[in-house]
Amino acid sequence: MKEEKALEQFAWQIRCGIVEAIAAKGGGHIGGSLDLAELFAVLYGGIMHIRPEEPNWAERDYLVCSKGHAGPCAYAALALCGFFPYERLKTLNSNGTLLPGHCDREKVPGIDATTGSLGQGLSIACGLALGAKLSGTDQRVYCVLGDGELAEGQNWEAAQFASHYKLGNLTAFLDWNKMQIDGRNEDVMSLRNAQEKFVAFGWDTAFVDGRDIHSIISAIRSGESNNEAPVLIVLDTVKGAGVPCIESLSNNHCIGIPQKLAEKAMAELVEQAERLGMEVPKWN
């Protein structure tokens, strides 16, 4: 496991990759990708057992990014880990690309489930977790959910299933950024207290600051101590987190990124580099 300082730097690199990829395309799902940088830094920085040189390693841990539009975040993390060349990020969602806008396991090394049709990922994760349990392996399954996504009823069937079958090898993360494509969750479809709902289904739960790497690690480790209950970790986030000019936009779910905005975002990332002791990459 990388030290926390190194994980902060990794999260910064992931944000750079997200901005670079989406800027190259001229727009995309940037808000809900940026706010997951710390989580993906933790998962790919040592929590998950993976082999970049062998993406389909049979004994790997699994990650299902159910909110498939956060693909740019997953792709940046995978590229930085060496699953595929970093330069490929600039082909995001272009004609003939190997990096579609949403996660695609058939095209992207390291992606374990094709997602994008919201509400299905937790069910996939349950199947993977049950399979690992029945096989007697120590593999773990991680699933990233969007808060707007929980309006899909299939999630609650999966939540009941995971508890009933005591899938203690399953950890789900809820990106609690309070926004979805049509506006604030409370206006579109109020979820109220998601943590209490999962508790009622028999899950262990935790609520943490989505940018606090130490708290994320602690919550994951604590959840792994109970091998009979699935775990939900609610990440208190803000869409566009880490890049102020994106975070300040009233709706940054999926937006165009004109050159001036891209340059502003890059400049803000450069400002953060000195504090983190990072070498600033040359963007073009």
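Which residue in β8 does D175 stand opposite? In this predicted model, where local features need pLDDT of at least 70, side-chain atom pairs count only at pLDDT 80 or more, and totals for chains, interfaces and linings use all residues, that residue is L235. Residues are numbered from 1 along each chain as its sequence is written, and side-chain values use heavy atoms, with hydrogens and water left out.

Helices (H or I, at least four residues) and strands (E, at least two) are DSSP runs numbered from the N terminus, and two strands count as paired if DSSP finds at least two bridges between them. Strand β4 (residues 170–176) lines up with β8 (residues 231–236) in the parallel sense, over six bridges. Both belong to an open sheet of five strands, with parallel pairing and the order β2-β3-β4-β8-β7. At the edges sit β2 (62–65) and β7 (204–209), each pairing on one side only.

Buried here are N155, W156, A158, A159, A162 and S163. These residues lie on the same side of α6 because they cover an arc of only 155° around the axis, the arc being that of the directions from the helix axis to the C-beta atoms. Over on the other side, E157, Q160 and H164 are exposed. The cover over the buried residues includes α5 (121–135), β3 (141–146), β4 and α8 (194–200), with contact meaning heavy atoms within 4.5 Å. Just after α6, K166 takes a positive phi of about 50°.

Methods: Buried < 20%, exposed > 50% of the residue type's maximum accessible area, 1.4 Å probe, protein only.
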